[in-house]
Amino acid sequence: MAERRPPCIVLGVTGSIAAFRAADLASGMVQKGWEVHAILTGDGARFITPLTLSALTHRPVHTSLWEEAEGGRMGHLDLARMADVVVVAPATADCLARAAHGMAGDVLGAVLLASRAPLVFAPAMNTQMWRHAATQANVRILTQRGARWVGPGEGRLACGEVGPGRMAPVAEILAEVGKALTKTKAKKVSP
Ligand SMILES: Cc1cc2nc3c(=O)[nH]c(=O)nc-3n(C[C@H](O)[C@H](O)[C@H](O)COP(=O)(O)O)c2cc1C
């Protein structure tokens, strides 16, 4: 009988003040029995260390296209193929803009472009950044391509403003990724 492999989640973490909450998210995913491959952007690494995510996911964290290329590998393409779901949490305004426009200048952008797995974004940003017509246009573009959204929630933000922009609670992100996984499984069993 074929051995069932655990669901493979690629978790992108970007440069938001909410990035520290990605630690809880990664831990929650591992506790669900999911295989978690974390990608940390350069600015994400200013807020949370690769070591933290690596210790919680029990795997190396992907931070650069070039480190992996030195070993003769194109790890971003492997990640893109392996992923059952790609989730970006927190997702910055800049990351949404890059994703909407297909920019692949870093490992996260390359995976987002190369993967056909369901994509979940948990945005986190200042209220005005979220409400800006540019961000909302990027959200529409990504939604039209099938992206799913969790949050942002409303409340007092780190910058002191009150309004939408908080990263959704970890439990809500886990639930959305779980739903996206169900969709992937259904697709894999259907002829
Ligand atoms: C202290 C601090 C907090 C920030 N928090 C956010 C944030 O919550 N959301 C956001 O979109 N950008 C935030 N930024 C700006 C991003 O870090 C910046 O746009 C960066 O280029 C994002 O890069 P990345 O998407 O590659 O991680 C913050 C910047 C600083 C200095």
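Helices here are DSSP runs of H or I with at least four residues, strands are DSSP runs of E with at least two, and both are numbered from the N terminus. With that convention, just after helix α1 we find G33, which takes a positive phi of about 90 degrees.

Before going on, a word on the source. What you see is a predicted model, in which local features need pLDDT of at least 70 and side-chain atom pairs count only at pLDDT 80 or more, while totals for chains, interfaces and linings use all residues. Residues are numbered from 1 along each chain as its sequence is written, and side-chain values use heavy atoms, with hydrogens and water left out.

Let me stay with α1 for a moment. Seven of its 10 residues are buried, so this helix is largely enclosed by the rest of the structure; buried means under 20% relative accessible area, exposed means over 50%, and partly exposed is what lies in between, with a 1.4 Å probe and protein chains only. The buried residues of α1 are A22, A23, L25, A26, S27, G28 and M29. Helix α6, residues 107–114, is likewise largely enclosed by the rest of the structure, because six of its eight residues are buried, namely V107, L108, G109, A110, V111 and L112.

Now to the interior. A nonpolar core is a set of buried Ala, Val, Leu, Ile, Met, Phe, Trp, Tyr and Cys residues joined through side-chain atoms within 4.5 Å. The largest such core has 32 residues, and L11, M29, V87 and I173 have the most contacts inside it. At least two residues of this core come from each of β1 (8–13), α1 (22–31), β2 (35–40), β3 (85–91), β4 (119–123) and α9 (170–189), with α9 giving the most, six residues. If contact is taken as heavy atoms within 4.5 Å, then I173 touches L25, V87, A89, A122, V150, M167 and A168, not counting residues up to four places away in sequence. A second, separate core of 27 residues includes A93, A100, L142 and A147.

T135, in helix α8 (residues 133–144), is buried, with a relative accessible area of 7%. Leaving aside neighbours within four places in sequence, T135 is in contact with A93, L96, M125, M129 and W130.

An oxygen atom of the ligand is 2.6 Å from an N or O atom in the side chain of T92, an oxygen atom of the ligand is 2.8 Å from a polar backbone atom of A93, and a nitrogen atom of the ligand lies 2.8 Å from a backbone N or O atom of A124. Of the 640 Å² of accessible area that the ligand has on its own, the protein covers 65%, by the Shrake-Rupley method with a 1.4 Å probe, where for residues only the protein chains shown count as cover.

Finally, E35 has its place in strand β2, and a polar contact of 2.8 Å joins the side chains of E35 and H37.

Conventions
Polar contact = N/O pair within 3.5 Å; in protein donor to acceptor, adjacent residues only side chain to side chain.
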